[in-house]
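Hi everyone, thanks for coming.

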Amino acid sequence: MDIRIPLRRLVSLAAPLAAVSLLACGGDDRDASAGDVGGTLVISVTGDADHLLPPLYETITGRQVSDQLFDRLAEIGDDLNTVGDEGFTPALAERWEWAEDSLSIAFHIDPDARWHDGRPVRAGDVRFTHALYVDPAVASPFAPLLDDIDSVQVRDSLTAVVWFARRTPQQFFDATYQMSILPEHLLAGVDRANIRAAAFSRAPIGSGRFRFARWTPGQTIELVADTANYRDRPRLDRAIWTVSPDPVTAITKVLRNEADFVEILRPEDQAEVSRRDDLKLVPYPALQYAAVFLNANVDGTSGPHPIFGDRETRRALTMAVDREAMVRNVFDTLGLVGIGPVTRGVATADTTIEQLPFDRERAARVLDSLGWRDANGDGVRERAGRPLEFTLITPTSSSFRMRMAVLLQEQLAQVGAKVNVEPLEFGTFIQRQNRRRFDAAMGGVGMDPLPGGVKQSWSAAGIGAGGSNYTGYASPTFDALVDSGAAAMDPDDARRYFRRAYETIVADAPAIWLYELRPVGAAHVRIQPAGLRADGWWAHLADWTIPADQRIDRDRIGLRGAPVAEGASPDAGAPADTARR
Amino acid sequence: MRRLLAGRLLQGAVIVVLVTTITFFLIHLVPGEPLATTLDSPYLTEAYRARLRAIYGLDRPLGEQYVRYVGAVARGDLGWSFSLRRPVADALADALPNTLLLMGVSLALSFALGIALGVLQAMRRDTATDRVLGAVALFFYSMPDFWLALMAMLLFAYWLPIFPVGGMVDPVMHPYLGFWGRIGDVLSHLALPALVLTLLSAAGIARYQRAAVLEVVRQDYVRTARAKGLRERSVVVRHLLRNALLPTITLLGLALPALLGGAVFVERVFAWPGMGLLTVNAIATRDYPLVTASVIVASITVVAGSLVADVLYAVVDPRLRRR
Amino acid sequence: MALAVRWLLAAILSALLSLLLARRLARLADAPMETPAGRAARRFRANRGAVLALHLLVALVVVTVLAPALAPHPPAAQPDIVALKSLPPSLAHPFGTDQYSRDVLSRVLYGARVSLAVAVLSVLVAITLGVAYGGVAGLAGGRVDAVLMRLNDALLSVPRVLLLIAVLAALGRIDIEALVLLVGVTGWFGVSRIVRAEVRSVGATEFVTAARALGIGRRRLLVRHVLPNALSPVIVAATLAVGNVIVLEAGLSYLGIGVQPPQASWGNILQEGAAHIQALWWMSLFPGLAIVATVMAVNLVGDGLRDALDPKQVDGR
């Protein structure tokens, strides 16, 4: 291993090439930005975007890019509060007023706001956007999230009034967080049923602080600074997403300085990154947790599951698992053991709730007392002729969960429970999970910031079609507490209810709460990330900086547009801003 | 000659239809839905799923789907890629030139290297040179393609960072490079995958070439030429090589499927944006239209390759030319 | 220490087997009567590379069969998932440990069983199919032969790897038995050509004509007289095919569509290793070397057999 360090100092072929590139650029620094603005951020991702149109994207990359190109009426605060408008900051709307009865909110559009083609943003765009999101022909996945919005009315060219069907704690959140405003003048003529094939969705024009530059399918998406943006230009000149087919290559690009930021690292790479002085670790909060769903009642029809139908057996199995060591194995010191159906980043989370301890002997004793004994000496316990053996379905798409599955298998083998890991391709996994055709599932839950979200996954109302309560956990106590918490208008009241709800469910152990995804990314040292929000590290991408004295070749490309086609001279690209004004 | 060509063309067409049929049915007879990944998006409504199924004709009987598929393929319509969200034909059209570049370079290099080594070995038969080269060729011949690729990557991209780890161009700087800069960029990305493919197929060609030369050496006309007192060099060049190279041309047709198979793994390891990578990614995402189409296009490539080899052989071999 | 003793015993066993094999070859070669087998044995023994490779294969088979006794750890054991994970090679773990703290050497040993079994069994399937198809075509002759061979040509020009990839991708996760079958079913095209050619040439010889004249039935003719004569090229082809399939299995498992974990095969150890190629290079290096060594040995033996069994070859090379 030691020989690697001197070797790396060998001049690589890439270095002279990079030098050539600068010459080819002609060193034209006219439009390169001075001071602390400027630079190119290259983000390494594992999947290409699907669409860059906010009502349509289903991929995370699609969302990351769209969020830079399009604005919401207001931005959620970094604490992700969803009750009322506390913490929200102005975006397309410079201010807003609540109606007396709270059934409508008037948003005043920033008069300086412009689409990237130079046309002003108008209240009519808001009305158009809402209509497009909820149009069945568009079939937007986000349409159901806008159910509580009745309509949008244009009071004057700069005032849009959002009317609500009912008063809810999160109505402001619904109107802002779930909707990015689209340009009516460019989309009005588009056939709604075929909007996914529209040219606009592959070369969008928005009002965000970055503007679209180019998209090479499967390879790169490039955005450049919108220098005249009403919310001030981004502090970077350019953001480029570079797509790799797999996580390993994506990480490698950053290790080799071909890219500047990758959102997730494995522990092996974390060790490598911390050894390097040109890279740094970037931990950030997230809203995802993973748990082993223990299906109390397969298919919801065939009666209680012979193993997981029993609360005490579930508790014993939980106690047999050394979750701390598993998390250390997969995430090293940066991981977090799960605390229940919630992550630490959510406003109602409570880390002081008592958890089931890891105690293998106690787990074995409890299993003994429940009648699970290894009578035939094959290393697997039985009860009434039924072995303590079950299948654990696991999605192959998640390397973390695959790894957890292999670890869990061995952990439970130690107390005489046999786990058969069944790796499934993601689509099949979801299908099996949704139809509740599994014993145990290595499930992952991505939460939205709404505290009521927990209801979908764990209350009795979530069992069956449409819901996402895959374990069949049904506790009237838990349900009542969650309902009270979600309806509470006062954040402190809400927290109290939720604490008791979480205590109840943790004690019932419908799942083994494995870990909370505490992602650790890696960035080149010159990159200064800003405001890494739990619902998306990219939320404040336009405020990330690259100090002028640390810039490298690619930071000095400046604002020139990328050449349009392969083979075209780079100088033929039009300067970014001539198209406007 | 014309008859030969027509015959081979017909045979090629039959092969392509056969492959299309086999892959289509195998893939569709498997339990589970071709659209599974797309349709299982939790965001989709049941109505939308039904609409998607109808759009892609998945609500029709299998036989009808097959007829429609073959008809569509014959018109050049290979379907819609669910994972890439674009027509399969477009995706393949983007990937094919990249694969052809990689394979063309590797093919040329491996024939040059393989023939040279094979002839050298045969000329120095049973000497230390022959044995060492034979062992080296066997070493590479026995190696899994992807493993050599991984080791080359470990060695020349990580431990000695001379070459980039993957891709075909520098994703960020490439558009901003000058003409020569771009050529250099592609070449530096091409180096490792081409080296790996070259070594792998040169090993096989060298083994074959050595045997071919030795076969010719035994022939009477070589003995006659030698007996006539011709200089050794002229014997080798005029009589031996000419005849020993002939069978190697047929190897072109045989090497192509192997090279294409190897390219799948090498492209996967080096993220070379060609057909192989496209296919492997399509497998990972269960993008059946793309998998089927890749296999079809790959076998068309193979058929075309062996057709070229046959024609070449006919051109070179006077015995066949007269037909 | 008990482990060292067991390895020693295994070494002695494989030395003994090698010795027996060598003596058997020697006895065949030095037999006073000139038989085809004797001639082949003599030629094979003269090829030092092939003989060495044969002994290596013997050792490999011994180690593979005795894997449970020779592996220092159970292949699935995770002794300490925090302290012992991802360790580079050392005396305690000669091939290092993987990210689950499992011993890579033990996994390579157990993986050998799966990889070799898949290779040998699927080649058996392929040979059976190839002999049947080629035999029928060769014996039938005429139009049937022509049609069967055209079809064979077509099948030969389908890229095998791609076809397997497409099918395995569609099938998703499959059992080892199914993998063996599929690899076998796509592997017989070459063999059937060889068999058919042999059958045609043998069929034209006088003793078959004589047998026919004696009224011996077709099936009996095929089984008793024609096939034994076609045996040697088939043996050579089968040997070389085993090497090929070991590489093929590794490739498919590397793509995640071959042998499925938790069952370890050389290919899927490599697959896991490839995901950590830089940090855990030992996971890719050692199983890869195992493959190369094995396949090289198989190919050397195959080459040796071909030279030894080739009737056109002059004695003594």
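**A walk through the chains**

Let's start with chain C, which has 13 helices and zero strands. Keep in mind as we go that this is a predicted model. Chain C has 317 residues, and 47% of them count as buried. Now take the contacts in chain C with a separation of 6 or more: 69% of those are between residues 24 or more positions apart.

Okay, on to chain B and how it meets chain C. How many residues does each chain put into that contact? Chain B gives 40 residues and chain C gives 35 residues. On the chain B side, the helices that each supply at least two residues include H1 (2-29), H7 (145-159) and H10 (232-270). Which helix gives the most on that side? That's H12(B), with nine residues. And if you sort the chain B side by residue kind, you get 31 nonpolar, eight polar and one charged.

The largest nonpolar core has 174 residues, and the ones touching the most other members are Ala149(B), Met153(B) and Ile165(C). Helix H5 of chain C, residues 104-140, provides the largest share of this core, with 16 residues. There's also a second, separate core of 160 residues, and among its members are Phe128(A), Met179(A), Phe308(A) and Val454(A). As background, in soluble globular proteins nonpolar side chains tend to be buried together.

Skip its neighbours within four places in sequence, and Ile165(C) is in contact with Val264(B), Thr279(B) and Ile283(B), plus Leu255(C) and Ile257(C).

Staying with chain B, look at two of its helices, H5 (residues 88-123) and H6 (residues 128-141). Their axes come within 9 Å and cross at roughly 145°. The crossing of H5(B) past H6(B) is left-handed. Who's touching whom? From H5(B) you have Leu117(B), Leu120(B) and Gln121(B), and they meet Asp130(B), Leu133(B), Gly134(B) and Ala137(B) in H6(B). By kind, the residues of this contact are four nonpolar, two polar and one charged.

Last stop, chain A. Here we have 16 helices and 21 strands. Of its 581 residues, 47% count as buried. For contacts in chain A with a separation of 6 or more, 66% come from residues 24 or more positions apart.

Which residues of H4(A) are buried? They are Ala123(A), Asp125(A), Val126(A), Phe128(A), Thr129(A), His130(A), Leu132(A) and Tyr133(A). The cover over them includes strands S5 (104-109), S6 (149-156) and S7 (159-164) and helix H6 (184-187), each from chain A.

One more helix: H9 of chain A, residues 311-319. Its buried residues are Thr313(A), Arg314(A), Ala316(A), Leu317(A), Thr318(A) and Met319(A). These pack against strand S13 (288-294), helix H11 (360-369), helix H12 (399-413) and strand S20 (511-516) of chain A.

Terms used:
Residues numbered from 1 in each chain as written. Chains lettered and ligands numbered in written order. Predicted model: local features only at pLDDT ≥ 70, side-chain atom pairs only at ≥ 80, totals over all residues. Core = buried A, V, L, I, M, F, W, Y, C linked by C-beta atoms within 7 Å. Buried ≥ 20, exposed ≤ 12 C-beta atoms within 10 Å, placed from the backbone. Helix = DSSP H or I, 4+ residues; strand = E, 2+ residues; numbered from the N terminus. Contact = placed C-beta atoms within 7 Å. Axes fitted to C-alpha atoms, helices over the stretch in contact; angles between N-to-C directions. Left-handed = near helix turned anticlockwise from the far one by under 90°. Nonpolar A, V, L, I, M, F, W, Y, C, P; charged D, E, K, R; others polar.
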